Every structure is written in C-alpha cells, then in structure tokens.
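Biologist: Hello! Could we go through this model together, a few questions at a time?

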Amino acid sequence: MFQFMQPDRVSDLHFKYDPVSGLRAIIAIHNTRFGPALGGCRFIHYASTEQAVTDAIRLAKGMSYKAVMAGIEQGGGKSVIIKPDTQFDPEALFSAFGHFVNELNGRYITAIDAGTTAHEMDIIRRHTAHVTSTTQEGNPSGYTAQGVLAGIQSAVKHRLGRLSLEGVSVALQGLGNVGFLLAEMLHEAGARLTVSDLDQSKVKAAMERFGATASDPDTIYQTPCDVFSPCGLGGVINQTTTQQLRCSVVAGSANNQLARPEDGNTLFERHILYAPDYVINAGGLIYASLHHRHAKNSLINSKINHIAHTLEQIFDDASSEHCPTSQVADRMAESRLYGY
Ligand code: NAD
C-alpha cells in the first residue's frame, strides 16, 4: 500500500470490512496540518479495490489543496464505499460506515459526494458527530455553484475581456446537484447554454427552463463555445478531449478534471484558460466547514467571493510566467501546505 501513498504524500489509509452489512470502505487522510480532514463519502461501483484506493487518495489530496487555497482550517480527506453488486441494506451499510468514521475520533469528518445524499448523512449522524451535510445542515451544492459562477466570471474577464456573461456561450457537462443550479445562475446572467447529461430528463428540464440547446454526451467537447464547464465526473480533460475542445475557457465544478497533469499543459499550449478545479469548486467545502463550526453567513459568503480573487491571482501569475494555470495553482497550494 505504501507505493500508493508515497507519490501523493497521503498520510493515512484506513480500511473497514463489516461482514454483517457487507461494508467495504476506505478512508484516505492526506494532510492534517491545518485541521481535521474534511471530505465527502463517495458511494459508487469500482472495478477493483485498487481503483477504489487510487480514487480515495486522489480525492483526499484534492481536498487538502482545496482547503489550503480557500483559506479553510481543515485538512484533506475522502472516503469511498465500494457499492455492492448484490442487494444490500443501506441503513446497515451506512450505520457501519458511521461507526468507522467515529473510530477515527474526529481526525476525519465526512460529507456528501457522488452517490450519497443528506439522507445517508443522517444515518451516519446517528453513530458519529463527525459528519456534515445532513438534512439539518443543508446541501452545499448551491454554494459550490455560486463559487463556480464567480470563477467563470473571473476567467471570462481575464481571457475574453468581458465584464458580463451576457451572450457568453457555455457548454455545460452534467446537470446534477451543482450543474443544474449553475445552469440556472448562468441563464439568469444572460449566458447561452448547451448542455449534456447521461439522464435525458435533466437535459429536457434545462431546455425547458433555461432555453438550453441539447448536446450528445460524447460530442459536447466539440461544441464551439466560450466556456466548457465540466460538472459531471473527473478525468474528462484528457489526451483525446484536449484536442477536441473548441473553447477559450475550461471552468466547472467537477473534481479531478485533468486526467493527468500533462493535460493542463496541453490546455495551455492550445491557449485555453483552465480554472484549476480545486480552486473554483471550493464553495461547498467552505460552506460545510464553516457551517459545521457555526460561522456566520457573512464569513461564508466572503470566503466564497474570494475564490474569484484567488483565480485572478493564478491567471495573472500564469500569464506573466507564461506557464499553465494548473502548475501555478499546484505550486501555491504546495508551498502553503508544506511550507516551501
Ligand atoms: P451529481 O451526481 O449530482 O451530478 C453529476 C451529474 O453528471 C449527473 O446528473 C450525471 O448523470 C452527470 N454525468 C456524469 N457523467 C457524465 C457525462 N460523461 N456526460 C454528461 N453528464 C454526466 O454530482 P454533483 O454533486 O452535482 O457534483 C458534480 C461534480 O462536482 C462532481 O465531480 C463532484 O465531485 C464535484 N463537486 C461537487 C460539489 C458539491 O457541492 N456537490 C463540491 C465540489 C465538487
């Protein structure tokens, strides 16, 4: 296992198998220099345990970078529950997971992620206090969308010199919790939308409500537009899609958008401005962390508004150094995290 941990400097990996509920879960804690690790619980199918471990590590690292760039006193962690292929009892499974989180005594705080909702967080809450985004605490997705909107405005201003989103064309991939709210905000700001989702009912709803144009999920990358906004799953900016994109800006909510670091370099070479994912999508973490600590709404909003300012700094540094924004953001995050 250490060969998985060393390259990404992840500090702990915790495994739990519960024979009664069938729970197979992994908690990855990347770094706790600035506080306990906070990050969502992903509940999806994995082809292998190795794939689940790799996902947990990559996501945990992203959370450390996200927290440090957002100025949140939280470390980075993430958990994955391998979704069973056979029938299971969700109550028993998430209860067992709640006990697992509790055993770490607050070193890791869980939250929602792909495949989990406030309902599962409520089950977990019965067994541990170290959980956010329960029904009582609220869904962080609106805060994530708010930060992404501010980030898109900042990227459009930097690359296209436009101060408003009126008439700006956006190809939006993924109309889930964040994507649908973002589509609504973009529509209200006057943007023209092309959308895709694997679920056609969501596409239909966006067409009806926001006058969006539908795109096939496989061809959305080729849509001529000002902004491509990935709000589905990660790894969508890769060797193939970087050549297909016909946009000026990539800015969306998905975690781990770049399949490999080199893909950030290709975007730069193609003169596409990339808003680093862990900077632009920090709104949900800001909300979850500060709300959990009973902070005032004004502080939450000011931290979310600061996302645009951090991006401006990254864009300016990358322009003056003539290098990819992904490299500038990594360097800033690592210097804050490791003190060099
Ligand atoms: P979600 O599961 O509610 O929505 C994802 C949507 O994307 C679904 O509707 C799904 O059908 C669609 N999708 C998946 N793959 C697709 C593809 N190839 N083409 C088109 N559509 C596709 O998830 P969410 O909570 O909206 O989060 C979206 C992304 O943002 C995820 O990567 C998540 O990790 C990240 N993120 C979310 C939050 C948050 O507050 N929810 C915070 C930070 C980052």
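Biologist: Glad to start. Which residue is the bridge partner of D12 in β2?

Modeller: A word on the source: this is a predicted model, where local features need pLDDT of at least 70, side-chain atom pairs count only at pLDDT 80 or more, and totals for chains, interfaces and linings use all residues. Residues are numbered from 1 along each chain as its sequence is written, and side-chain values use heavy atoms, leaving out hydrogens and water. Strands (E, at least two residues) and helices (H or I, at least four) are DSSP runs numbered from the N terminus, and two strands pair if DSSP finds at least two bridges between them. Strand β1 (residues 12-18) pairs with β2 in the antiparallel sense over seven bridges, and the partner of D12 in β2 is I29.

Biologist: Thanks! How many bridges join β2 to strand β4?

Modeller: Strand β2 (residues 23-31) has eight of its nine residues buried, where buried means under 20% relative accessible area, exposed over 50% and partly exposed in between, with a 1.4 Å probe and protein chains only. N31 stands opposite G76 in β4. Strands β2 and β4 (residues 75-82) run antiparallel, and the number of bridges joining them is six.

Biologist: Is I300 buried or exposed?

Modeller: I300 lies in helix α12 (residues 297-321). Leaving aside residues up to four places away in sequence, I300 touches Y143, I286, Y287, L290, H291 and A295, a contact being heavy atoms within 4.5 Å. With a relative accessible area of 1%, I300 is buried.

Biologist: Why is the pair of Y65 and Y278 edge-to-face?

Modeller: Rings of Phe, Tyr and Trp (its six-membered ring) pair if their centres lie within 6.5 Å; planes under 30 degrees apart count as stacked, over 60 as edge-to-face and the rest as tilted. A search of the whole structure finds seven aromatic pairs. In the pair of Y65 and Y278 the ring centres are 5.4 Å apart, and the pair is edge-to-face because the planes stand at 90 degrees.

Biologist: How many residues apart in sequence are the parts that this pair of Y65 and Y278 ties together?

Modeller: Y65 is buried at 4% relative accessibility, and Y278 is buried with a relative accessible area of 9%. Y65 lies in helix α2 (residues 49-70) and Y278 in helix α10 (residues 277-280), so the pair ties together parts whose separation in sequence is 213 residues.
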